[in-house]
Every structure is written in structure tokens, then in C-alpha cells.
Amino acid sequence: MDVMPLLLLVAGSAAVAAAARRTPIPAPLLLVAVGLVVSYLPGVPDYTLDPHIVLPLILPPLLHTAATDSSYLDLRAQLRPVALLSVGYVLFATFAVGWAAYLIVPDLPLTAALVLGAVVAPPDAVAATAVARRVGLPSRITTILQGESLVNDATAITAYRVALAAAVGEGATWAGGIGEFLVAAIGGIGIGLVLMVPIHWLRIHVKEALLQNTLSLLIPFVAYAVAEQVHASGVLAVVVVALWLGHRAWEVDFATRLQEEAVWKMVAFVLESAVFALIGLQLPVVLKGLGEYEGGRAAGYAIVIFLVVVVSRFVWVYPATFLPRIMSARIREREENPTWKGPFVIAWAGMRGVVSLAIAFSIPLTVHGGEDFPERNLILFLTFTTVIGTLVVQGVTLPPLIRVLKLPGRDVQAETLAEANAQAQASRAAESRLDELLSDERNALPPPLADRLRTVLERRRNAVWERLGQVNPVTGETVDDTYRRLSREMIGAERAVFVRLRDGRYIDDEMLRTLLRRLDLEEAAAFREAE
């Protein structure tokens, strides 16, 4: 097996993603654009998306990282809009896009058109999360978009399977489709509920660092595989387990949390970068075999399908936002009255991504009778153009749209004040506990060490309040920035001495690693205090 194409993909996409951080262009868009250009360079390998790799091997860890970074409590508070988008909208978009494709493409069977509808129906978890982080959406909108993108893949995959069964001649019925959807949804949630408790127990009780990280990396794949083995939704199983683990992460050893955070940040960065680059690299593949649809005809179909995808989301989002309020007095009493701006942003933020392409590439070449699958190459092309269109058009215009609408972003001052109050309450509890412990002769400490404990506690308590302080008029730094810089300078001076002593053979390399690790932990602690 030639691993060079894979290495080139990972290294190249990581380099482009890193470069994007120095530009105003969001990383997903730059990666897609570079992929489009690179796909036609001489000697570039064929990077055809394999659904047998993307769905079971790439989708689970991406869902896992997105779900663990989400808030179970926030998602529960927004359960109605999330459900209406992740289930209701996906089914609505499946039929809207499918019917439009059936009307405009000659000789395209309705069942095959519905396959296309299911393929392009779900907005992408990676795209939604990446754009939400970049543009700083209000927390409620971010929660809704993240929650939708976590669950909608399950709805779309089930709808795709039902439509595909009808298209290939398996005699699917409406009753059978509804039954399959219920089995997939209930089964996936059930398996997630069954797995989450023993997995969390293992996370708490496994102390070996290598085993902890191995378990952490295996969790999403195990949840997905177990659910898919019994024909349930692997997507929902992964999301349920990840939400629970994220909600109970405070029970895990601090060292485990630090290690997992570093590992998963790296995994997410590599996979997110690679999948967006892969989207752009699919252009030569989807253009092959268009035949009679090449040129302006295919472009016309692509524009129509793109417009239907965009418009159908607006058609669904506004009624789904306001009708429940009109019909329920309880909702009106419990929730603030939304303006038209929030739903507009939610409707415009429906970027599609690699999941749609992976599902499209899983369409079989033939139906049961041996004939070619109806217009399979055209469906691939329309999926690709819809993904590119939504990423480019909506991804590029979303940040200026938010600025024009003047949506209130996160109140940093209020959040810092809430953090400071929370830290003050925790510090009082810690100080009381310290006094209680020191009163026991078994915990006797020399006064300097006891004072050091109190000093550390006081520093942690004051750090957040200092963030609300004035900026240094000379350097332009906040107190936090100055503290962090001075701490790093001091640690850097110590590190240089340790290295010089090692080079002079006063200490060996093993002792150097021990001393450097101690400094690294201190530097990490100083950095986190100043965050």
C-alpha cells in the first residue's frame, strides 16, 4: 500500500489550515479552494472518497469531539428547535430537493431524486462548528446549530437508506421507512445509553496514561460499530455517549483530562483539515461520466438544486421558530420572543459537507435488475456543487451578514464577572476546607508551605478579577498578559540553566527530562490561570 498520498493529504491540509489562521478566510473555505486547484495539478493522486472509510472511521471522531465540546444542559434547553431542524427539516429538505430534481431532470425517477434529496439534506457538523467558532455567533444560535448538526446525519442516513431501497427495487414502503427510522433512532439512543455508563466507569478507574488515551480514542469507534452492527444509528450512539462523557468529565482525573484535550485537539485538527481538502479534491471524480449533462445543462441543474436547498431551509426555519410560540402559551411565557434576525442566521448557516459526499459515493452502480443506477453520476455532481456552493456562498457571507444584522455576541464582561463570582465561591470553600485540614495534627505543615497553599488559592481567586482591570498604558498589556509573559520569562531562564547543566554533564538526560516536565506543568498552570 502506498502511504505517500495519505501523508501528502495530511501534511498539505494541515499546512493550509495553519496558513488560514493568518488570513481573514475561514480555514474550511481555504482548504476547499486549495483542494479544487490542486486536484488538476499534474501528478496529484486520485483522492476518491470511500464511504467505507469516511462514515465509520472519520465521522465518529468528528462527532465525538463536537459532542464533548457541546453542553448537554444547553442542548436540553434547546431540544425543540434542535429536533425540528435535525429531524423535521432534514425530512422536509429530502422531499423538497427530491421533488425539484424530479421535475427538472428528464427521465430521473422520483425514487432516485429522493436519494439526492436525502444526500444533500443534512448540514455538516464540522462546517457548522468551524464557522460558529470563527464568527462568534450568539450562544443560543451556536447551541442550536451544533445540536442540529450532531443529530441530523442520523436522520439523513436513514432517509437515504429508505429512498435507496426503493430506487434499487427492494420494494420499500412508507410504513417500512417509518419503522426503519424508529428502529435506527431508538436503537442508536438506546445503545448509547447502555454504553455510556460502563465507558465512563472505565475512564474513571483506568489510571495508566497509555490505556487512558487508547480508551479515549476507541470510544467513538466502538459506539458507532456496536450500533451499526444491530442496524441502529451509529451517529446517535456516538453523540449520546460523547454528551454524557463531556457532561461528567469533571469526575475524571485531571491528568487524563489534560492528556485527552491535547490528543483530541490534534485529532480534530487533522481530520477537519483533511475532510475539507478532500471535498475540493473530488472535482475530477464527479466530472467524469456526466455524458449528456456536461456543460450548461449540468450547471443549470446545479444552480436550481442549490437554490432549492437554500430556500427550503428558510421555508422551514421561520415557521418552526414562530408557530410553536403562536400555538403554545407555555412557550410564550417560558422563552423570550425571538426577532427575525436569529432565524435568518440559522437558515443561512446550513453549510453542507463531507458527509453528504460520502453518502453520495456509497450509491451503488447498479439496481437489482442489473441496470445502471439512474443518473448516478449526475447525483454525484449535484451533491458536489451543492456542498461547494453552500460552503463558499454561505460560508463567505455569514460573517459580514452577522455584522450587518448586529446580532449581540457573547458578553465577555458579563461572562468574566460570572466566572469571578464562581471562583470566589469556590475559593471560600477551598479556604474553609484548608483550615479544617490544617487543624488536624496529621496534616501539620511548616508555616511557609501552608502560606504557599493560601497564596496559590489567593492568586487563583484574584486572577479573574484582574482580567477586568485596566490595560498597561505603556505596553498595552492587561495584567493577565504581563503575568503570563513574566512567568514564561522566568521559566525560560530556568530551562536554559538546566540545559546548560546537562550539556556540561552535571546532570544526565533523564534528570533533565524530569526537571523540564516540572517546568512544563508550571508553565501550563500559569497559562491556564491567565486564561
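Arginine 433 has a relative accessibility of 44% and is therefore partly exposed, a class lying between buried (under 20% relative accessible area) and exposed (over 50%), computed with a 1.4 Å probe on protein chains only. The model is predicted, so local features need pLDDT of at least 70 and side-chain atom pairs count only at pLDDT 80 or more, whereas totals for chains, interfaces and linings use all residues. Residues are numbered from 1 along each chain as its sequence is written, and side-chain values use heavy atoms, with hydrogens and water left out.

**The pair within α19**

- The side chain of arginine 433 meets that of glutamate 436 in a salt bridge at 3.0 Å, N to O, the term standing for a side-chain nitrogen of Lys or Arg within 4 Å of a carboxyl oxygen of Asp or Glu.
- Both residues belong to helix α19 (residues 412-438), where a spacing of 3 residues separates them by about one helical turn; helices here are DSSP runs (H or I, at least four residues), as strands are (E, at least two), numbered from the N terminus.
- Glutamate 436 is likewise partly exposed, at 49% relative accessibility.

**The pair between α21 and α22**

- A salt bridge of 3.4 Å, N to O, joins the side chains of arginine 495 and aspartate 520.
- Because arginine 495 sits in helix α21 (residues 479-503) and aspartate 520 in helix α22 (residues 509-529), this pair ties together parts that are 25 residues apart in sequence.
- Arginine 495 is partly exposed at 24% relative accessibility, and aspartate 520 is partly exposed with a relative accessible area of 40%.

- Salt bridges with shared partners join Arg80, Arg334 and Glu335 into one network.
- Within it, the side chains of arginine 80 and glutamate 335 meet at 2.9 Å, N to O.
- This pair links distant parts of the chain, 255 residues apart, with arginine 80 in helix α5 (residues 79-104) and glutamate 335 in the loop between α15 (329-334) and α16 (341-348).
- Arginine 80 is partly exposed, with a relative accessible area of 24%, and glutamate 335 is partly exposed with 22%.

**The geometry of α5**

- The 26 residues of α5 should span 38 Å at 1.5 Å a residue, which agrees with the 36 Å between its end C-alpha atoms; the expected span is 1.5 Å times one less than the number of residues.
- α5 bends by about 35° at tyrosine 89, the bend being the angle between axes fitted to the seven residues ending there and the seven starting there.

**The total**

- The structure holds 12 salt bridges.
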